[in-house]
Amino acid sequence: MNTFELTVARAHILRNPRMALFTVAAVTLAVAIIVVFMGMLSGFEEEIITTTVENNPHIYIQPKEDEKYIYLYRTISDIVSGYPEVTAVSARLIGKAGAKYKDRVRGVQFIGVIPEDEDRLMDVHNDVVQGDFQDLSSRKYSAFIGTGLAEELKLGPEDDFLLARGNVSVTVRVAGLIKTGTALDKSLAYIPLSLAQDLVEKGDVVSEVGIKVDDIYRAPYIVADLRNRFLYQSKSWQDMNADILELIQTQATFSFIFYVLIFIIAGFGIANTMIMIISRKTKEIGILMAMGANRWSILKIFLLESLLLAPPSALLGCILAVLTGQLIMSYDIQLPSEIYMVSRMNVVMRPEFFVYAVGFALIVNFVAGLYPAWKASLLDPVEAIGSA
């Protein structure tokens with residue numbers, strides 16, 4: 001590229017620092033907004049997936065379509081455990097019941113488990129607030145309940161409460177408390193599998209077999225193989241949370257529209273600034289053309305003038321985005337998980353976001369500078385000199 005155009009473009013910028021500052025500020029703000037927004041959206045997605053995966057099995061094996069329970073769950077568990085990707089298997093019996101303590105009654109979701117298997121599946125020990133989860137193996141009439149449920153019933157460790165389902169009721173002792181950080185804390189009750197089977201009165205059955213795998217994104221492939229091997233229904237965590245994943249895709253569409261609007265707003269700001277610069281430099285453009293600069297050179301000068309402002313804009317935008325992200329994270333903003341499905345606001349800054357930011361700055365400066373540069377190249381040198 002001819003150094004003449006580059007020299008003139010740099011001279012224009014240095015002689016008009018106020019105009020250059022306005023252009024840089026417009027793109028810097030646009031870049032920062034986009035990077036922070038991408039970071040917030042990515043953090044939201046990551047938090048949802050993490051919460052979904054951590055608080056639920058990766059794969060579910062459920063009863064056949066015409067049945068309510070799984071009878072051969074031990075055989076199924078043994079077969080599934082043979083998959084190299086599978087790291088944990090837990091047979092679970094899930095049901096609804098009523099919990100009564102003194103004059104307080106609450107609906108609960110009980111999960112009957114073998115504690116060793118469930119702990120490997122769900123890492124329950126990480127959520128235990130009080131007690132030893134393995135006590136469920138030696139204490140049949142005991143339960144680990146959610147902290148929210150304990151608070152509503154005013155229950156404490158070693159308190160006895162009544163657990164009733166249909167015509168069956170048993171007295172259960174609180175062996176410990178669990179806090180998952182989800183809405184389930186207000187209704188969750190882990191009990192021994194044998195006690196759950198007594199409540200259901202269907203014999204040695206479970207309602208599902210939960211599976212944990214080493215790579216969560218391999219789950220659909222394992223499910224496809226399980227469907228070929230069993231008549232039981234097999235579902236991945238993606239199948240069970242299709243609505244949530246669809247919501248994430250919808251948000252991505254809205255985000256794209258938002259980025260386009262930011263692009264347009266920043267582009268108009270830059271284009272307006274460049275047009276003002278050209279209107280003030282009409283005579284100078286005429287003189288350059290009279291000295292031998294052709295229309296292509298004039299076009300390149302003003303395009304270069306716009307593009308030279310892109311790197312500092314991108315750099316400042318990225319710095320501002322990082323600082324804004326750190327500021328948001330420093331406040332540890334808590335969100336109601338019942339509404340937003342996540343318990344806190346998270347901002348994730350990934351390297352590719354900054355690559356996108358640099359590309360955005362270059363493209364918006366180039367596109368916004370096209371029309372003003374083209375307009376400058378069309379000026380008649382004689383009229384341009386005489387207009388001053």
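A contact here means heavy atoms within 4.5 Å. The model is predicted, so local features need pLDDT of at least 70 and side-chain atom pairs count only at pLDDT 80 or more, while totals for chains, interfaces and linings use all residues. Residues are numbered from 1 along each chain as its sequence is written, and side-chain values use heavy atoms, with hydrogens and water left out.

View 1. Helices (H or I, at least four residues) and strands (E, at least two) are DSSP runs, numbered from the N terminus. Of the contacts with a separation of 6 or more, 77% link residues 24 or more positions apart. Among the 388 residues, 48% are buried; buried means under 20% relative accessible area, exposed over 50%, and partly exposed in between (1.4 Å probe, protein chains only).

**View 2. The hairpin of β2 and β3.** Two strands pair if DSSP finds at least two bridges between them. Strand β2 covers residues 86-101 and pairs with β3 in the antiparallel sense, over nine bridges. For a spot to look at, take G98, which sits opposite G107 in β3. Two residues lie between the strands, and at K102 phi is positive, near 55°.

**View 3. Strand β8 and its partners, β3 and β5.** All the residues of β8 (residues 188-192), five of five, are buried, so the rest of the structure largely encloses this strand. Strand β3 (residues 104-113) runs parallel to β8, with five bridges joining them. Along this pairing, F110 is opposite A189 and G112 is opposite I191. Strand β5 (residues 142-146) runs antiparallel to β8 and is joined to it by two bridges. Here F144 faces Y190 of β8.

**View 4. S313 in helix α12.** The helix spans residues 310-330. Is S313 buried or exposed? S313 is buried, because its relative accessible area is 0%. Which residues does S313 touch, leaving aside those up to four places away in sequence? They are T23, V24, V27 and T28.
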